[in-house]
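Subject: Structure handover

Hello,

Here is the structure I said I would pass on. My notes on it follow below.

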Amino acid sequence: MTPPIETITADTAIADDSEDNAPLLAHDYDGIREYDNPMPGWWKSIFLGSVMFAGFYGLYFHLLDWGHTDGERYQTQLADYESKKEIRARAEAANVSEAALTTAGRDPKMVEKGELVFKSRCVSCHADDGRGLIGPNLTDLRQLHGTTRMDLYTTISNGAPGTAMLAWGEQLPQADVVAVAAFVTTLRGKNIAGKSGEGQPVTRFEP
Ligand code: HEC
């Protein structure tokens, strides 16, 4: 037999469920009564803290768009890199021209730099003075690919597919390719005895 409602206190039937003998609240809904058991302070602090943090987070990252998530930062940096890559490629392509190679060929510093590149990368096939070994003689008045300075540059940069001549544009910094092309233009017409002439006859470049 259940005791009459009036007699229920924190000490009776459901005493085990009450915390620290919490007092009963005054209200009574069809016999259902409630202990005054507030959530502990630490719990309320964490709850309130999360609510405040969520508000701040939503405001900062979404509403005001002040902050950027890692994903957004990554995308921005990637886009930046991609756009710069295109700009770099275009600038580099635009910087090399017949005129630029002519100027570079007249600049002793450029030619000297190009000679250093030549000595370290090209002598195995074109010999130390360019007279040719596996590769053609670069000092005679014949040219395999094209006739101009730009043609020399293009062959050096893109290589000659199917031959031992590599695409040096993929191996060396652009500045080195330009410098070594400038150096090669200064070799033409030196006519150093070596590999016999290959390709079509060309004239010496104007110094
Ligand atoms: C592994 C050998 C090898 C190396 C190293 C090499 N070349 Fe060549 N090069 C060749 C060959 C072979 C050809 C001829 C390609 C052909 O028959 O179309 C050639 C062609 C060229 C031509 C075109 C000449 C023409 O008459 O059109 C130039 C210019 C040239 N090389 C410059 C260079 C420079 C500068 C370097 C160093 C950065 C270099 N080469 C390194 C083998 C080489």
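Predicted model: local features only at pLDDT ≥ 70, side-chain atom pairs only at ≥ 80, totals over all residues.

**Ligand contacts**

A nitrogen atom of the ligand sits 2.7 Å from an N or O atom in the side chain of H126; such a pair is a polar contact, that is, two N or O atoms within 3.5 Å, where within protein one must be able to donate a hydrogen and the other to accept it, and residues adjacent in sequence count only if both atoms are side-chain atoms. An oxygen atom of the ligand is 2.5 Å from an N or O atom in the side chain of H145.

Residues are numbered from 1 along each chain as its sequence is written, and side-chain values use heavy atoms, with hydrogens and water left out.

**The chain as a whole**

The chain has seven helices and four strands (DSSP runs numbered from the N terminus: H or I of at least four residues for helices, E of at least two for strands). Their order along the sequence is β-β-α-α-α-α-α-β-α-α-β. Of the 207 residues, 25% count as buried (buried is under 20% relative accessible area, exposed over 50%, partly exposed in between, with a 1.4 Å probe and protein chains only). Among contacts with a separation of 6 or more, 55% are between residues 24 or more positions apart (contact: heavy atoms within 4.5 Å).

**Helix packing**

Helix α3 (residues 98-106) and helix α6 (residues 149-158) pack at about 90°, with their axes 8 Å apart. Axes are lines fitted to C-alpha atoms, for helices over the stretch in contact, and angles run from 0 to 180 degrees between N-to-C directions. The angle makes α3 roughly perpendicular to α6 (65 to 115 degrees; under 35 is roughly parallel, over 145 roughly antiparallel, the rest oblique). E98, L101 and T102 of α3 meet R149, M150 and Y153 of α6.

For α4 and helix α7 (residues 174-187), the angle is about 100° and the axes are 7 Å apart. These two helices are therefore also roughly perpendicular. Residues in the contact include V111 and F118 of α4, and A179 and F183 of α7.

D107 lies in the loop between α3 and α4 (108-121). D107 is partly exposed, at 31% relative accessible area. The C-alpha atoms of D107 and F183 are 9.8 Å apart, although 76 residues separate them along the chain.

**Two buried residues**

R149, in helix α6, counts as buried at 11% relative accessibility. A polar atom of the R149 side chain lies 3.1 Å from the backbone oxygen of E206. Beyond neighbours within four places in sequence, the contacts of R149 include T185, F205 and E206.

Q143 belongs to strand β3 (residues 142-143) and is buried too, at 5%. The side chain of Q143 reaches the backbone oxygen of H145 at 2.9 Å.

Regards
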